[in-house]
Amino acid sequence: MPLDPLHPDGRTIDLAVSRIKADPGKRRGVLVVNPGGPGGSGLDYPLALRPLLGDVAKQYDLIGFDPRFVGRSAPANCGEVRLADVFRSSLDRADFVESAHRARAFVRTCPEGLQHASIRNVARDLDVVRKALGEEKLNYYGVSWGADLGVVYSQLFEGNVDRMVVDSVTDVEGSEYHHLATGERAEAAFDEWAAWAAWRDDKYHLGGSGQEIRAAVSRLMKRDLTIAGHKVDSAVLPWVLQSALGDENDRDLMARNVSTLLRNTPPTPELTGWLDQYYGRAPVYSQFIAASIAFTCNDTGWPTSPAAYWRDVQRTRSTQPLFATTFLPCAYWTQHTTEPPLAISNNTPLLIVQAERDNIPLHSARTLHTKLPNSTLHTVDRRTHGVYDERIPAMVKTVNDYLGRR
């Protein structure tokens with residue numbers, strides 16, 4: 001691929017692509033899939049989706065890929081860094097200053113060239129993959145950031161789409177700043193979970209009301225804990241809580257995690273694994289972080305003054321006391337794309353699927369639906385992110401019927 005697709009005769013990078021072939025007698029084309037991120041590898045994703053697709057998988061070559069700067073596709077390298085160094089909350093001034101210091105130090109280690117880490121460039125890479133596969137049109141399924149990628153592809157290459165499913169899309173024309181730097185939806189998710197746990201106080205003993213549970217967890221903000229050998233303080237706690245808060249199927253896990261935090265009981269294996277990753281120094285984590293931040297900070301809407309982030313923390317303190325999270329690397333990021341914002345408006349007949357109580361607001365999907373007059377929107381009353389899931393059989397049927405229809 002050209003590093004800069006707008007100057008195709010310049011430096012190139014390699015893109016890693018995987019394929020599971022269709023049944024030759026039933027083949028109708030290729031289905032490119034992406035698991036989201038940004039920063040997540042997609043090479044193995046066809047293997048994960050094949051059981052869900054069932055007989056539909058026989059109709060398509062299933063195509064996975066690592067987006068540019070991810071995994072085996074010219075991975076970004078900003079040196080060794082931990083999730084704990086950049087994914088921190090900053091609810092008091094000391095946390096904020098420390099987070100700003102770590103974010104600035106990380107950004108300074110990143111090499112030149114990452115201004116080409118943009119969702120539009122990944123969409124352009126995707127069209128090169130289509131051509132390399134000899135396909136006139138491609139079919140596509142993407143979730144989360146992968147859903148956004150599908151929408152961007154449909155805008156840039158409207159005539160090259162056959163069938164497309166976007167699962168749990170964000171506001172593609174909006175700003176990632178409003179997704180990562182505010183905790184309004186996480187606060188609502190916490191209250192929903194706390195009410196559920198309060199009804200089961202005879203089992204979990206966390207409190208007889210949601211307010212009582214919230215008060216108990218809020219007091220943890222003033223304590224420094226050690227869980228599974230790792231420090232959990234007010235800069236880390238919001239991220240720990242959110243690790244089991246986005247899916248209603250994790251309510252029991254969330255209750256057991258909170259019990260660990262309140263009573264210092266042995267942590268769940270899931271919490272131990274999460275903390276090991278959060279504080280881990282493996283190269284795969286450093287590469288993920290570098291790619292994730294490059295794509296995220298190349299998005300629009302990020303303030304360039306750290307003071308603006310601190311003002312937002314202060315402004316939202318009363319309404320977001322647990323999750324007024326701050327993501328500071330983008331305050332120092334300088335390798336921005338020079339392309340203007342992309343407006344979404346096309347006639348692609350894509351399928352949008354979304355959970356109504358996702359931490360990404362439902363109005364993102366509804367707004368997208370209005371901008372794409374030939375699109376179809378299906379929702380499910382559930383708290384989760386990603387609805388093409390074996391635990392939601394009706395949505396699996398909806399997606400498979402759409403992709404498999406002759």
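Two strands pair if DSSP finds at least two bridges between them. Helices (H or I, at least four residues) and strands (E, at least two) are DSSP runs, numbered from the N terminus.

**Entry 1: basis.** I am working on a predicted model, in which local features need pLDDT of at least 70, side-chain atom pairs count only at pLDDT 80 or more, and totals for chains, interfaces and linings use all residues. Residues are numbered from 1 along each chain as its sequence is written, and side-chain values use heavy atoms, without hydrogens and water.

Entry 2: I looked up the strand order and found an open sheet of seven strands, 1-3-2-4-5-8-9, with mixed pairing. Strand 1 and strand 9 (376–380) are at the edges with a single partner strand each, so one side of each has no neighbour in the sheet.

Entry 3: Ser18 stands opposite Gly64 in strand 3.

**Entry 4: two helices.** I then turned to helix 7 (residues 184–198) and helix 9 (residues 210–219), which pack at an angle of about 120 degrees with axes 8 Å apart. Axes are lines fitted to C-alpha atoms, for helices over the stretch in contact (heavy atoms within 4.5 Å), and angles run from 0 to 180 degrees between N-to-C directions. The two helices are therefore oblique to each other (under 35 degrees is roughly parallel, over 145 roughly antiparallel, 65 to 115 roughly perpendicular, the rest oblique).
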